[in-house]
Amino acid sequence: MDTALRYGSSTSSVHNLSVDMIPNYLKQSSPTRLKPCQERMVETCDTETADGCCGVISCDLCLEWETYADGISYGSAHIGTSSWTGTVGGHSFVSYWERNYESGECEYVVTLDGEEVYRATCYEGASCRDPRGEVSVATAYLEGTLRWSVYERRELALAVNPETGCRDFFCGSCRCSCDCLCVTITEYGGDVITGEICDTAYECDPPVWAGAVGYYELSIALGRDQYGECIITLTIDGEEQEAVAAPGCGSLAATITTAGGDVIQVRCKECGCEETQVIGDCICGRPLGPTLTLLWSSGNGTHGSASREVTLTYQQFDEPGITCPPFSPDPFPAYVGSVSGTFPLPMGGERADTLHIVLVCGCIGCELCLYYYWEDGGAAPGYFLTTISETDCNCPAIFDGGAFTDGEVWGYQISDITITEDESNC
């Protein structure tokens, strides 16, 4: 956010220059001006875009993966140090710019699950600011259509701070919001209704998202409290509710509970409500991103020689032995991983094995569900279940499962578990 504001304010330092000396992407009246909510200048081109291929790049991409059997799945990819990475339909997406050292031309490359599926130069339609495209994929393992486009956030006009008279962020440190909100209504009786509502305000005004979700008429206005922080006010079926805090800017998320006991969860629609609802409805209404780190302590050990660290990756998971309403039938969204090694036993000795882990956090109205099984368990393979409810709302989030006391088979071998959100997802 600070970077975007810096670019917005940088025009004040060039007022003494002639118009011809101001780059097009900084001219506010130009259609090619820098769009602070969806792109940024590249300060270290060699690092971020490979050999200085781009001066301005898009920040985030929306992904679609379409197959004949499953239809369209949605995902997203975010710029890192040298590439855009993300997941869609349980597949790994990576794209980047590189210079062809034979021709000297820059090329935009897309890979899916490590296989290159697309490569194009600017003359073939690739663009630094708008790299959208699609490709039909047909490999030994994959068959479908992959699409990618720029995720366009809703720009917020700057507000005048009444105390200083200076222009400031509209609320919090937010320069951006979103065009639509994904809505999940959990009624008092347990029924769940989902939908989305979109902005109905003029571009220069703060957003007001309105529309019907099921048989409810909703209107949600973005505002600022007395401290300048972001809040939203919900009006449902004509009845205005108390304002609630709505942090997150372009990833806004909040929960409102009505007097009748209905729980209404809203979050910015990024690339699709399907993606947003199933990825990381784990903590404080905030998505957790494509990966988590799990630290598992076994036997009487503490974190150290007796612990195992494993990366859990988000995917659509198909396991008949695990049920997760309202996702029925399989597959369902989950974080999946495994770790191999030597695990100490509480009564002495050790066990060489592989531990398979499935973390389900898309359940409606349930605690964080952790399923696991030992590969060499002897009996028929089956997942054991434990739940985790102790969480830290700060970012990165930390889940501390504490000691396992459920008495399940092999559960006595597990003494402690900690799950940590990847800080880069914050």
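These legends describe close-up views of a predicted model.

**View 1. The largest nonpolar core.** This core has 33 residues. Leu181, Trp209, Leu218, Leu222, Ile232, Leu252 and Val266 touch the most other members. Seen by strand, at least two core residues come from each of β15 (180–186), β16 (192–199), β17 (208–213), β18 (216–224), β19 (230–236), β22 (253–257) and β23 (263–268). There is also a second, separate core, with 27 residues. Cys53, Leu61, Trp97 and Trp148 are among them.

**View 2. The surroundings of Leu222.** Leaving aside residues up to four places away in sequence, Leu222 touches Leu156, Phe170, Cys171, Ser177, Pro206, Pro207 and Trp209, among others. Its contacts also include Cys230, Ile231, Ile232 and Leu252. Of these, Trp209, Ile232 and Leu252 are listed with Leu222 among the residues that touch the most other core members.

**View 3. Strand β5 and its two partners.** Strand β5 covers residues 84–88. Of its 5 residues, 4 are buried, so the strand is largely enclosed by the rest of the structure. Strand β4 (residues 71–79) pairs with β5 in the antiparallel sense, over 5 bridges. Here Ala77 has Gly86 of β5 as its bridge partner. Strand β6 (residues 91–99) also runs antiparallel to β5, joined by 5 bridges. Here Thr87 stands opposite Ser92 of β6. β5 and β6 form a hairpin, with 2 residues between them. Gly89 sits in the turn and has a positive phi of about 60°.

View 4. Arg153 lies in the loop between β10 (143–150) and β11 (154–155). Arg153 has a relative accessible area of 18%. The cut-off for buried is under 20%, so Arg153 counts as buried. The side chain of Arg153 makes a polar contact with the side chain of Asp60, at 2.7 Å.

**View 5. Phe93 and Trp148.** The structure holds 5 aromatic pairs. One of them joins Phe93 and Trp148. The pair is tilted, at 6.5 Å centre to centre and 45° between the planes. Phe93 belongs to strand β6 and Trp148 to strand β10, 55 residues apart, so this pair links distant parts of the chain. Both Phe93 and Trp148 are buried.

View 6. Trp97 and Tyr108 form a tilted aromatic pair, 5.4 Å centre to centre with 50° between the planes. Trp97 is in strand β6 and Tyr108 in strand β7 (residues 106–112), so the pair ties together parts 11 residues apart in sequence. Trp97 and Tyr108 are both buried. Ring pairs link Trp84, Trp97 and Tyr108 into a cluster.

Methods. Residues are numbered from 1 along each chain as its sequence is written. This is a predicted model: local features need pLDDT of at least 70, side-chain atom pairs count only at pLDDT 80 or more; totals for chains, interfaces and linings use all residues. Side-chain values use heavy atoms; hydrogens and water are left out. A nonpolar core is a set of buried Ala, Val, Leu, Ile, Met, Phe, Trp, Tyr and Cys residues joined through side-chain atoms within 4.5 Å. Buried means under 20% relative accessible area, exposed over 50%, partly exposed in between (1.4 Å probe, protein chains only). Contact means heavy atoms within 4.5 Å. Two strands pair if DSSP finds at least two bridges between them. A polar contact is a pair of N or O atoms within 3.5 Å; within protein, one must be able to donate a hydrogen and the other to accept it, and residues adjacent in sequence count only if both atoms are side-chain atoms. Rings of Phe, Tyr and Trp (its six-membered ring) pair if their centres lie within 6.5 Å; planes under 30 degrees apart count as stacked, over 60 as edge-to-face and the rest as tilted.
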